[in-house]
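I opened this model to see how the chain is put together. My notes follow in the order I looked things up.

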Amino acid sequence: MGTVLPMLQATPVLKGKDYREILRQELDAGKIPISLGRSCPVQCEFCYELDHSYRETAEPPKTTQEDWEFILDYINRKPTDPLQFWCLGGNEYMEWTDLFLHPKAMEWVEDFLRHTDKNIQFFTVGFVHVPKIHQLAARYPGRINFELSVITLSHYRQRLMPHAPAVKHLLKVLDGPAVSSANFYSFDADTMSADAVTISRINQHCVLWMGCLTPVRGLKQDTVALMRQGRTFLPQETMRIYEAGLPNPTTIHTEAYITAFLNRKRIVSLFDSLGLEKNDTVVMAGSVHKILSMFRKNRARFLFVPNATLGGDSDCTVLLTFDDIARRLTREKVIHIPKCVMQSGRGPYMDIAGVKLEEFTKKTGVKVKVLHKIDTRLANKQLYRHGSLQHYVQDYLRNPLTQSYEALPAPA
Ligand code: SF4
C-alpha cells in the first residue's frame, strides 16, 4: 500500500538556517541540544523515532566543545525556575537519540550542574558511567531527574535492544542514588513483574514506571505483535506486583482508554463546564470519545479523530494533528478543538507536525473555536494523577463498571 500524502503539510522552517538556530529553538523550549551528529546507533526495535517523518528535523553536527560553551552560556542567561528540569536532548527540530553515547556527555552534565543553578533531566537506556553518575547524584541532590529506560530485563531484551547495555551494567546503574525512575514494560508472563521485584531489591526509592508500550507507525510487525501481547498480560502482571507489596512508588502506563477511565470524573466535569450545545462538534481522540459516549451520550457531537499521523495504536488527543482532523471533516462549518492539540513544542497554535491553526482554517474553510480550558498542563496533570498501580488495580481491574466500558463498540 502506498503512503497517503498529507493534506496539510507544515511550511519548512529550517531550510538554509545555521545549525545554531536549531540549537536556539530547542534551548528556548527548555532542551539541552547536544547532538551525536547522526541517527541513534542503538536502533531499538521499539524506538518511536524510527519514523519521525511527520515533523521537520535537521540533525546538527556532532556537538563540539565550542558548541557546548555556546549552549551553557545560553542556558545561564535564562532565569532559573526551581521547578524546571532542563531536558538533555532536543526533540522538536532534532531527532531523539541516546546522548550518553556522546563521549563528552558525562563531563558536560557535570559542567551543567557546576556552572548553572538549574536542574537537569535525562533519559538513557543506561550508557552512563558508574560510579560517576552516583557521585554526581550525591553531590547535587534534588537537581537530577534520571529516568532509566530499562525496558525489560527478560530474554526479550536481546530481541528488542541488542545494542543496549547489558543487564549486569544496568543493575549497577540502579544500585545507588542516581536513578529517579526506572521504566519497564509487560511483554509476557513474568516480565514486568519479575523486573519490578529485581529492581526493587536493588533500589527501593526509584519510581517503578511500568505498563505497556504503544505501537506507532514504522515499527516491525513482530515488534508490534509483542507490544500487543504485553497488553494482554498487563492485568496479571500488575496483580503480581500489587500482591508483592513493594516499597517503591509506582506508576502504570496503560492503554489510553484505561487512563481515560481512571480520570473519567475530571473529563466529565470538564466537559460539563464547557457549556457546549447538543449540535456543537468537538474534536477528540478515541479514549476521551469512549468516556463521553458512556457518561455524556448525545450531549454534543463528538468527532472521533484517529491519530493517523502517528499511526499504530496511538490514541491521544494531545498528539492529534490538524491533518488528522481535516481528514475527518464532512460538512462541518464550525468545530471545537482542545487547545492542547496546538500547544506543541514547535510553537504556539501549532500541532506536533508544525502546522498552524490558521493554515488549517484557511485550507479547510472551517471555523475553529479553541477550547482553552483543555490545555497541555491539564492533560499532563490528569495523566499522572490517577496513574499509580493501586489506582489501576482498585479503580479499574476491580471496578464493576469496567466490563460495560470495555464492551462499548470502538468509535467509527
Ligand atoms: S536508545 Fe533511545 S533513541 Fe536510541 S534507538 Fe533506543 S529508544 Fe531510540
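**Burial and overall build**

I started with burial: 37% of the 412 residues of the protein chain count as buried. Buried means that 20 or more other C-beta atoms lie within 10 Å of the residue's own, exposed means 12 or fewer, and partly exposed is in between, with C-beta atoms placed from the backbone. I noted that this is a predicted model, where local features need pLDDT of at least 70, side-chain atom pairs count only at pLDDT 80 or more, and totals for chains, interfaces and linings use all residues. Residues are numbered from 1 along each chain as its sequence is written.

I then looked up the secondary structure. The protein chain has 16 helices and 11 strands. These are DSSP runs numbered from the N terminus: helices are H or I with at least four residues, strands are E with at least two. The radius of gyration of the chain is 22 Å, close to the 22 Å from the globule rule for 412 residues, so the chain is as compact as a globular protein of that length. That radius is taken over C-alpha atoms, and the rule is 2.2 Å times the number of residues to the power 0.38. Along the principal axes, the C-alpha atoms fill a box of roughly 60 × 55 × 45 Å.

Next I checked contacts, meaning two residues whose C-beta atoms, placed from the backbone, lie within 7 Å. Among contacts with a separation of 6 or more, 77% join residues 24 or more positions apart.

**Domains**

I found the chain divided into domain 1 (19-255) and domain 2 (259-375). These bounds come from an automatic or database domain assignment. The contact takes 12 residues from domain 1 and 12 residues from domain 2. On the side of domain 1 that touches domain 2, I read six nonpolar, two polar and four charged residues. The classes are: Ala, Val, Leu, Ile, Met, Phe, Trp, Tyr, Cys and Pro nonpolar; Asp, Glu, Lys and Arg charged; the others, Gly among them, polar. The domain centres, taken over C-alpha atoms, are 29 Å apart.

**Nonpolar core**

Which residues touch the most other members of the largest nonpolar core? They are V173, V179, A182, Y185 and M210, in a core of 98 residues. Helix α9 (residues 256-262) gives this core its largest share, six residues. Domain 1 (19-255) and domain 2 (259-375) each supply at least three residues to this core. A nonpolar core is a set of buried Ala, Val, Leu, Ile, Met, Phe, Trp, Tyr and Cys residues joined through C-beta atoms within 7 Å. I followed A182 further. Not counting residues up to four places away in sequence, A182 touches L148, V150, L174, I199, C206, L208 and W209.

**Ligand shell**

I listed the residues around the ligand: C40, V42, Q43, C44, C47, E49, W96, T97, D98 and V125. Near here means a C-beta atom, placed from the backbone, within 6 Å of the molecule. The shell divides into six nonpolar, two polar and two charged residues.

**Single residues**

Is S154 buried or exposed? S154 is buried, because 20 other C-beta atoms lie within 10 Å. S154 sits in the loop between β4 (144-151) and α5 (156-160). Leaving aside neighbours within four places in sequence, S154 contacts F187, T191 and A194.

I151 is in strand β4. Its phi is near 65°, a positive value in a residue other than glycine. I151 is buried, with 24 other C-beta atoms within 10 Å.

N298 also went into my notes for a positive phi, near 65°, in a residue other than glycine. N298 lies in the loop between α11 (286-295) and β9 (301-304). N298 is exposed, because 9 other C-beta atoms lie within 10 Å.

P131 lies in the loop between β3 (119-124) and α4 (132-139).

E45 is in the loop between β1 (31-32) and α2 (65-76). E45 is partly exposed, with 18 other C-beta atoms within 10 Å. E45 touches L160, K220 and T223, not counting residues up to four places away in sequence. E45 and P162 are 117 residues apart in sequence and 8.9 Å apart in space, C-alpha to C-alpha.
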